[in-house]
Amino acid sequence: MATELEELRDALVRVMGSSPDASRRIAEALDQSGVPGAVELWFRTPGGAVPDSTLGREWVRLLATLRRNHPKEFSDLQSIAAEPTAEPPPPGPASGVTAAGPRSIAAGGDIGVAVTGDNAHVVTGGVTHHVAGDHIDFRESKFHDRVVGVQHNHYGAVPAPADWRPVRRVGPLEFGVRPTRPVPGVPDVPPYVERDCDEDLRAKLTGHGLVVILGRPCTGKSYTAWRAVRSLKGQRRLYAPDAGEDLRPLVAALQGDPGGYVVWLDELTGHLGAGGVDLRLLGRLNDLGAVVLATMSPDEYYRRRAGTAPGDRVVAAARTVELAREWSDAELARLAALDDPRAYPAYMWSGREGVASYFAVGHHLYDEWRRVGTQLEHPRGQLLVRAAVDLARCGVTAAVPAELLRKVQEQYRAEDRESFEDALAWATAPMFGVSGLLVAGAEDGAWRAYGALVAEALRSGDLEPVPDEVWWTLLDAAREPGAPLDFPAVLDAARNALYPRVEAGDPAVALGFARRTEGDEREVWLRRAAEAGDAWAAVELAEILRERGEESRALSYLERAAESGSEKAAARLGSLLRDRAEHWLRRAAEAGEGEAAHELGEMVIGTGRDDEAVRWYRRAAEAGHQKAAVRLGKLYSNWGRAEAEAWLRHASDWGDPSAANMLAIHLSAEEAPDEAEVEALFRQAVEGGNRSAMVNLGIRLENEGRYVEAGSLYLAADRTGYPFAARHMAQLLLTQGKEKEAADWRRKAAAVDPEGLPESLTAPLPSPAPAPLVPGLTPDDDPDLDTVWE
C-alpha cells in the first residue's frame, strides 16, 4: 500500500501532466522552500512522466524534508495535488498497431492518439523508439484493424510580441533578484556591480543558441542576467515563462513580427519537460531574433551535459558562463567604490559566502539568530553564534577551533538546556538553502560567523558591548604557542574598544591589559591601574621602578597602596624603607655619627651579618653611645667572650641600668663571684628602674631566705607589667606554704606565660599547710613598695 508521501508524489505527477500552470506553481513552492536542488530534482524528468523507482524515492525524501522543515511550502504542494485533473479517455476495443521502426508511433486499441515530435519517444519491448516530427511513419507497422490518425496542434496562452515587456522597463526584482533588508532612502536592490564574467556573457549573447549562467543559489545569477540583457543593442522585449509552461507556441507568436526578443528561463531544469526547450525550438527562436538566456546549478549542468535524454542534449549544446560564489578582488574593489551605504559593509564582511548571498539572505539569517523563538529552542546555540560574532568584533575574522568558541560562549552565562554538540550542529546547519549561521573554516573543526551577521550586528547596535572576560580569554588564547589568533590584531581591537573606560579611571581594564602585555606597555597599564587605586598594580609598578633605581617614585605608589590596606604593599614599603634607612645610616656611621652606627648595628644584627653589627656597635660605643656598649657586652657575654665585662662596666659606669643588670648576671656566672658587688649592681639597676633587675635581685634574696624583700621586688616588677614577676611571686608564696595566695598568683602567671611556668607551679596544689610563718603579701600590703621602686 502506498504511503501518504507516495500518494502525494503520484498526485503531483498527475497534475503536472495535465496543467503547465500547476507545474509552474510546484516549481515556485519548491524554490521558496530554499532546499538546495529541489527544483532541479523534481523536474529531472518531463512533466507528467512517472519517475523510475530511484528518482521516485528521491522525490519522497524531498517531500519528507519539506513536511519537516518547510510546512508552508508542503501545504502548498498538498493544495496543488488536490486540484482536479482531466480524466483520460476510456480504452477502446483491443486492437492496435505494432510500432517496430526506428521512427514510428505506438497506439493502443483504436489508435486514439498518436504522439508526434522529434523529442518524443515510446518504449516497446524494452526498446526505445523515436516518433516522427511532422508526419506519421507507418513503414514498419503492422495493422490488425482500422487505423485512425489524429494530429494535435498545441497553442498556449503566450502573449503576442507587442504585449511583451520592454527590457528597459523590467526591474531586477521582476527578474528574480532577491531584495535585501530595506534601508530608508535607497532601493531594495543595491546597485549592480560589474562582474568579471560580464563581458564574456555579453559576447555569448550575440551568438545563436542557448546561453546558461551557471551558479549555486544566491551567487547573483539573476542580477547578472538582468544586466546582460539590458546591455544588448537595440530595443529588446522580454518574456519569462513559468516552469513547465508549453513553449512551442512561441515560434508561431513571433513569426509575424521577428526582431529583438529575450526569452528568460530562470532555472532551466523547469523548462526541459514536455513542451519545453528543445534544440529545434531553440533554432527557430534564434532565427526569429530571440536571445534565450537561462540559469542552472553547476552540479545539475555537469550531470545532465553527459546524458542522452532530449533535455540533456539541450544542456550539452548550451554556451555557459559560470559565476563563483566568492567574489574576486577586482569585483570587491568595484563594490567598495559604490556610493551606497550598504556597499562597504558588504565589502568588509561578505567573505567566502559572496556578496550576492550577503545581500539576499544575510538579513534573514540575522533575524533567525536574534528572534525570540531561537532563544527558546536553541539557547546555547544562540550564545554560540554570539560568541562567533563577538570574535569578529574583537578583530578575529578567521575561523577558530570549536573549543575556543565554547570558552568564549561560557563567558556570557552557563546554559544547561542545550548541549554544546547540539548547539554547534544547529548553528552550522544550512538555512535558506545557502549557509548556516556559522561557516566552516579551512581547518577541520574551525568555525566563524557568517559575515552578514557581523555587519548586521554592527549596523543595528542591538548587541551589548563585548564583555571584558571575552577580551581577556581571546588575548590569553592568542599568546599560547601555535594559536590561530593574531595577538597584535586582537590587542589593538581591545585597546580601541576599552580605552575610553581606562580614561574614565576603570582600574580593572588597565589591570587586564597589564597582565597580558610586556615591557613599556605593561608599565603604562600598571601606572594607569595604580593611579586608579589598584594596590596590586602599585606593588608591581613599584618593583619595576625600584629595579630601575627610581626608589622615590616607587615609595609614593607603595605608600598609597599600603594606606589603602594592602598588606603586600606595606611589606614591600617596609623592605624598601629598610634598605633606604641602611643606606643613609651607613653614610652617617662612616662619617662618625655614633647614633647612626648603633642603629646600623641594630639593623644588621641577626641577619647573618653579626661581625658587621659588632663593628658598628664598637664605633658607636667608642663614640660614647651607652646602648651600643650594652649591646656589645650582652653579645660578648652570650658568646662567652672576655670582652663582655669591659663593655658592660663602661656602660654601667655611664649609669645605664640595663648594663648594671647584665654585668651582675655576667659576674654571677663566675666561679667565685663577688657577692657584694653582684648585689650592689642589681640594686643599682633596680634603682635605675630596670624590671629584670627587680626579679633577679628578688630571686637572689629569696635564695637567701629574705622573703619579705624578695616579695616586695616581685610586686614592684609585676606592677610595671613585667611578664615573669607573677610566677616568681607564686613560687615564693608556695615555698612559704601559702597555697591560697599562691593559687591566685599562679592563675595570673598562667594568663601571662602558661608555657613558661616551672613544674612546681604546674603540679596540683598540696594539701592545706600550717599557718604561714610570716604575714602574707598582697599588692596592697607593702606600704614601702613605692619607696623601694623609687
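Trainee: How many salt bridges does this predicted model hold?

Mentor: Side chains of opposite charge can pair when their charged atoms come close. In this predicted model, the count comes to 55 salt bridges.

Trainee: Which residue forms a salt bridge with Arg334?

Mentor: Asp196 does, with the closest N and O atoms 2.6 Å apart. This pair links distant parts of the chain. Arg334 sits in helix 12 (residues 329-336). Asp196 is in the loop between strand 5 and helix 6 (198-205). They are 138 residues apart.

Trainee: Are Arg334 and Asp196 buried, exposed or partly exposed?

Mentor: Arg334 has a relative accessible area of 31%, so it is partly exposed. Asp196 is partly exposed too, at 45%.

Trainee: Which residues are linked in a network of salt bridges?

Mentor: Glu523, Arg527, Arg548, Glu550 and Arg553. Look at Glu550 and Arg548: their side chains meet at 2.8 Å, N to O. Glu550 counts as partly exposed because its relative accessibility is 24%, and the cut-off for buried is under 20%. Arg548 is partly exposed at 41%.

Trainee: What is the distance between the closest N and O atoms of Arg706 and Glu709?

Mentor: That salt bridge has them 3.4 Å apart. Arg706 is partly exposed, at 32% relative accessibility. Glu709 is partly exposed as well, at 30%.

Trainee: Now the rings. How many aromatic pairs are there?

Mentor: A pair of aromatic rings is described by the distance of the centres and the angle of the planes. The count here comes to 14 aromatic pairs. Take Trp164 and Tyr261: 5.1 Å centre to centre, with 75 degrees between the planes. That pair is edge-to-face. Trp164 lies in the loop between strand 4 (142-143) and strand 5 (165-166). Tyr261 belongs to strand 8 (residues 261-265), 97 residues apart from Trp164. Both Trp164 and Tyr261 are buried.

Trainee: Why is the pair of Tyr344 and Tyr347 tilted?

Mentor: Their planes are at 35 degrees, so the pair is tilted. That angle falls between the cut-offs: under 30 degrees is stacked, over 60 is edge-to-face. The ring centres are 5.5 Å apart. Both residues lie in helix 13 (residues 343-349), three residues apart, about one turn of the helix. Tyr344 is partly exposed at 47%, and Tyr347 is partly exposed at 33%.

Trainee: Which residues form one aromatic cluster?

Mentor: Trp472, Tyr499, Phe513 and Trp525. Rings also meet charges here. Arg515 lies over the face of Trp536, 4.6 Å from the ring centre. The charged end of Arg615 sits over the ring of Trp616, at 5.4 Å from its centre.

Trainee: Which residues have the most contacts inside the largest nonpolar core?

Mentor: Val385, Val389, Leu405, Leu438 and Leu474, in a core of 90 residues. Residues that Val385 touches include Trp369, Trp426 and Leu438. A second, separate core has 33 residues, among them Ala660, Val686, Ala716 and Leu732.

Note on methods:
Residues are numbered from 1 along each chain as its sequence is written. This is a predicted model: local features need pLDDT of at least 70, side-chain atom pairs count only at pLDDT 80 or more; totals for chains, interfaces and linings use all residues. Side-chain values use heavy atoms; hydrogens and water are left out. Rings of Phe, Tyr and Trp (its six-membered ring) pair if their centres lie within 6.5 Å; planes under 30 degrees apart count as stacked, over 60 as edge-to-face and the rest as tilted. Helices (H or I, at least four residues) and strands (E, at least two) are DSSP runs, numbered from the N terminus. Buried means under 20% relative accessible area, exposed over 50%, partly exposed in between (1.4 Å probe, protein chains only). A charge sits over a ring if NZ of Lys or CZ of Arg is within 6 Å of the ring centre and within 35 degrees of the ring normal. A nonpolar core is a set of buried Ala, Val, Leu, Ile, Met, Phe, Trp, Tyr and Cys residues joined through side-chain atoms within 4.5 Å. Contact means heavy atoms within 4.5 Å. A salt bridge is a side-chain nitrogen of Lys or Arg within 4 Å of a carboxyl oxygen of Asp or Glu. Lists of a residue's contacts leave out its neighbours within four places in sequence.
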